[in-house]
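Please look through the sequence and the model shown here, and then read on.

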Amino acid sequence: HGIGLYLAAVQFFFALGWIVYVIYLPQMAEQAGMPRAWVPWLLLADQLVFLATDLAVGLASDRAARVLGRIGRWVVAASVVSALAFLALPWVAPQGSPVLFAAVTLLWVATTSALRAPPLTLLGRHVARPSQPMMVALASLGLGLANALAPYLGLQLKGVDPRLPFVLAALALAAGTLGIVAAERALARPSA
């Protein structure tokens with residue numbers, strides 16, 4: 001259950017980053033020189049990229065787990081790129097370049113998808129079948145908790161400089177995903 005709770009924390013920080021992004025997106029898009037009418041389209045594009053990348057990463061992580069046996073380092077590398085892109089968003093927006101802002105946003109969205117499917121691949125590969133539903137439920141708990149906090153965060157972050165929440169969210173997620181290599185080793189030990 002410790003691994004399930006760890007994955008719940010990773011999913012919690014993953015969803016929390018998305019919530020912080022959505023709260024500040026209109027303000028940052030405006031700073032980047034995008035009309036407010038583009039924000040819903042940017043969110044739609046984000047979701048389409050996320051959907052496609054999530055599917056591709058899920059398929060790739062299944063293949064990588066079979067061929068390489070380990071996917072933790074790959075996930076950590078993608079999450080570091082994701083954290084750096086996320087950190088850059090509130091600094092890129094004031095530069096007034098809509099193209100640069102959109103590119104960094106899409107880089108963040110694409111690399112963030114590496115944090116969703118691979119943990120489920122680890123659970124499917126290393127956890128005994130009777131324990132899998134509980135582990136998936138624990139991992140989903142993190143998403144549910146972050147979504148429950150969303151309205152509260154929306155109220156509390158109004159008027160706060162976006163750089164602080166972005167830094168905190170990126171560092172928390174990066175720190176959380178660094179442990180995925182250890183989690184993979186811990187899961188692989190009993191199944192071996």
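## Aromatic pairs

The structure holds eight aromatic pairs, where rings of Phe, Tyr and Trp (its six-membered ring) pair if their centres lie within 6.5 Å, and planes under 30 degrees apart count as stacked, over 60 as edge-to-face and the rest as tilted. One of these is formed by F86 and W108, whose ring centres are 5.0 Å apart with planes at 35°, so the pair is tilted. Because F86 lies in helix α3 (residues 72-92) and W108 in helix α4 (residues 98-112), the pair ties together parts that are 22 residues apart in sequence; helices here are DSSP runs (H or I, at least four residues), numbered from the N terminus.

F86 also pairs with F166, and since those ring centres are 4.4 Å apart with planes at 20°, this pair is stacked. F166 belongs to helix α7 (residues 163-178) while F86 lies in helix α3, so the pair ties together parts that are 80 residues apart in sequence. F86 and W108 are buried, as are both F86 and F166, buried meaning under 20% relative accessible area, exposed over 50%, and partly exposed in between (1.4 Å probe, protein chains only). W18, Y21, Y24, F86, W108 and F166 form one aromatic cluster.

## Basis of the model

This is a predicted model, in which local features need pLDDT of at least 70 and side-chain atom pairs count only at pLDDT 80 or more, whereas totals for chains, interfaces and linings use all residues. Residues are numbered from 1 along each chain as its sequence is written, and side-chain values use heavy atoms, with hydrogens and water left out.

T105, which is found in helix α4, is buried, with a relative accessible area of 0%. Not counting residues up to four places away in sequence, T105 touches Y21, D46 and L89, contact meaning heavy atoms within 4.5 Å. T105 and V92 are 13 residues apart in sequence, and their C-alpha atoms are 9.8 Å apart in space.

V39, found in helix α2, is buried as well, with a relative accessible area of 11%. With residues up to four places away in sequence again left out, V39 touches L25, P26 and A29.

## An exposed residue

W41 is found in helix α2 (residues 38-67), and W41 is exposed, with a relative accessible area of 61%.

Methods:
Helix = DSSP H or I, 4+ residues; strand = E, 2+ residues; numbered from the N terminus.
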